[in-house]
2 protein chains.
Amino acid sequence: MAQQIDSGRRVRLNRDRVLQAAVALADETGIESLSMRRLAQELGVVPMALYKHVANKEELLDGMVEAIVGEIDPPLPGADWQGAVRQRVLSARLVLLRHPWARQVLESRTNKTPAVLGYMDSFIGMFLAGGFSIDLTHHVMHALGSRMWGFTQELFQDPAVPAADAPEALPPEAQAAMLQQLAQRYPNITQVAMAAAHEDSSVVGPGCDDQFEFEFALDLLLDGFERLRRRNWSSARAKAGRG
Amino acid sequence: MAQQIDSGRRVRLNRDRVLQAAVALADETGIESLSMRRLAQELGVVPMALYKHVANKEELLDGMVEAIVGEIDPPLPGADWQGAVRQRVLSARLVLLRHPWARQVLESRTNKTPAVLGYMDSFIGMFLAGGFSIDLTHHVMHALGSRMWGFTQELFQDPAVPAADAPEALPPEAQAAMLQQLAQRYPNITQVAMAAAHEDSSVVGPGCDDQFEFEFALDLLLDGFERLRRRNWSSARAKAGRG
DNA sequence: ACGGTAGGTATACGGCGTACACTTGTCAAG
DNA sequence: CTTGACAAGTGTACGCCGTATACCTACCGT
């Protein structure tokens, strides 16, 4: 492990090496035994050295998520929406299987980092390209929910998210510029979020009607169950039909 | 807070008071700031006193889950399966909203405690009573998955679960007795688990074919999405139609 | 009245994240 | 080649955490 010397010369640390090592360590020994001290030891370095490359443990975890999300296959452009979404979700599932700790970490994280936003944006894009209305896309994304890792739960709660919780607010023109940049980089998210913000003034106000989203997904499943029941579905027949 | 004296006499601690206080503290200050020390302080007691009533923090969390699950409404017997399941899930959701920490804790827990098993058993019972085959019930439970809190994910992995990870195994006849007792107390779980154990010898062996379960639920949702898309579903119309 | 025991206490240990002040290595400009 | 500034790495310390162990004490059945 801990390579100390490389022909007499120390290997310089950097953020990527730290994240890489953290992912590897979590893969091997489980997330609960990933500590800053243990990670430093693995890198042949004193604990505080890590803090030159990550602000704190929270940011380390965010970085690990970024790394993981980067492993998900990009959508293949040719397919119909259902095939594209299917392939994407199954690819995400494979990644989660490779990194058993990822599910737990993803669900504990509330910050949306760029890779996560990018993933969601391209995900939304698949539905829009498949002929879904913005409205339906919105609810469908919620319904996919934790099957795409749960972070969709509070997806559109706070539109101006990433690292915008600074102690003192930025000047308004800077905020506007940032929002515009966000809109440029994640056009699909922006589209859906803005539509949602306008739409449901009937309810409490801005933000999603969580109760509605929940019942939407629930009823979708229950209706599906009922259909299967009526046609006497069985897993044996399903498996025989496919494989 | 911390009531010290009750007309000159200390209020005796007990497991229920500990769990109750833990739930309240987590509700008020968040799960991340629930520590044994803080909890003890809240109860006007030295930290180690808690260990006379709870083995360790893990068991404390298990106990909190038990308490929470007990808050879910029992199924009302008259309804059709869909209404019954719907009401049950929505009741569970209300409980989770009351205790925001519960989702995270539930998903981190792998032990199945009695209340959780009881909840699942009665849940399965609703499907069986509604005319679902054991086979379909099994897969449907998986599909409901994290919408019923994720613990269905590894539901049937290890049939002989609760506290059976003692350092030295019990004598076989004791194990058999325990299994029989389990079967008596949770007949529906047992039924489904046994059917599943027999069925899928086609795959790796015992246990569930996770990939199949995942795709089953995914395709159920995707098919539902497609149906909505084709009929130009919109949330506005859906809301108008209902409310 | 008393002795056993369940409930509560005191102390201590090793691990954690990280603040703060420091030394060391590296590399560009003089 | 020297130098000096800035980035990278170090050492020490603090206040948390969970909990092992040994002890004390109030209560209850006898």
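## Where DNA strand D sits

Helix α2 (residues 36-42) of chain B gives the largest share of the surface near DNA strand D, namely three residues. Here a residue counts as near a strand if its C-beta atom, placed from the backbone, lies within 6 Å of it. Helices are DSSP runs of H or I with at least four residues, strands are runs of E with at least two, and both are numbered from the N terminus. This is a predicted model, in which local features need pLDDT of at least 70 and side-chain atom pairs count only at pLDDT 80 or more, while totals for chains, interfaces and linings use all residues. Residues are numbered from 1 along each chain as its sequence is written, while chains are lettered from A and ligands numbered from 1 in the order in which they are written.

In total, 15 residues surround DNA strand D, and L13(A), M48(A), S35(B), M36(B) and N56(B) are the closest. By type, this surface has eight nonpolar, two polar and five charged residues. Ala, Val, Leu, Ile, Met, Phe, Trp, Tyr, Cys and Pro count as nonpolar, Asp, Glu, Lys and Arg as charged, and the others, Gly among them, as polar.

## Two copies and how they meet

Between the chains, 35 residues of chain A are in contact with 35 residues of chain B, where contact means C-beta atoms, placed from the backbone, within 7 Å. α10(A) provides 12 residues, the largest share of the side of chain A that touches chain B. That side holds 16 nonpolar, 11 polar and eight charged residues. Because 100% of the interface residues of chain A are also interface residues in chain B, the copies meet through the same surface.

## What the record says about chain A

An unreviewed UniProt entry lists a "DNA-binding region" at residues 35-54 of chain A; such annotations may be inferred rather than shown by experiment. In the model, residues 35-54 of chain A are 35% helix and 0% strand, with the end C-alpha atoms 13 Å apart. The unreviewed UniProt entry also places "domain: HTH tetR-type" at residues 12-72 of chain A. That span is 57% helix and 0% strand, and its end C-alpha atoms lie 29 Å apart.

Chain A has a mean pLDDT of 83, and 81% of its residues reach 70 or more. This score, from 0 to 100, is the predictor's confidence in each residue. For residues 150-168 of chain A, pLDDT stays under 50, and the model has 23 contacts for this stretch beyond four places in sequence.

Key:
Two residues are in contact if their C-beta atoms, placed from the backbone, lie within 7 Å.
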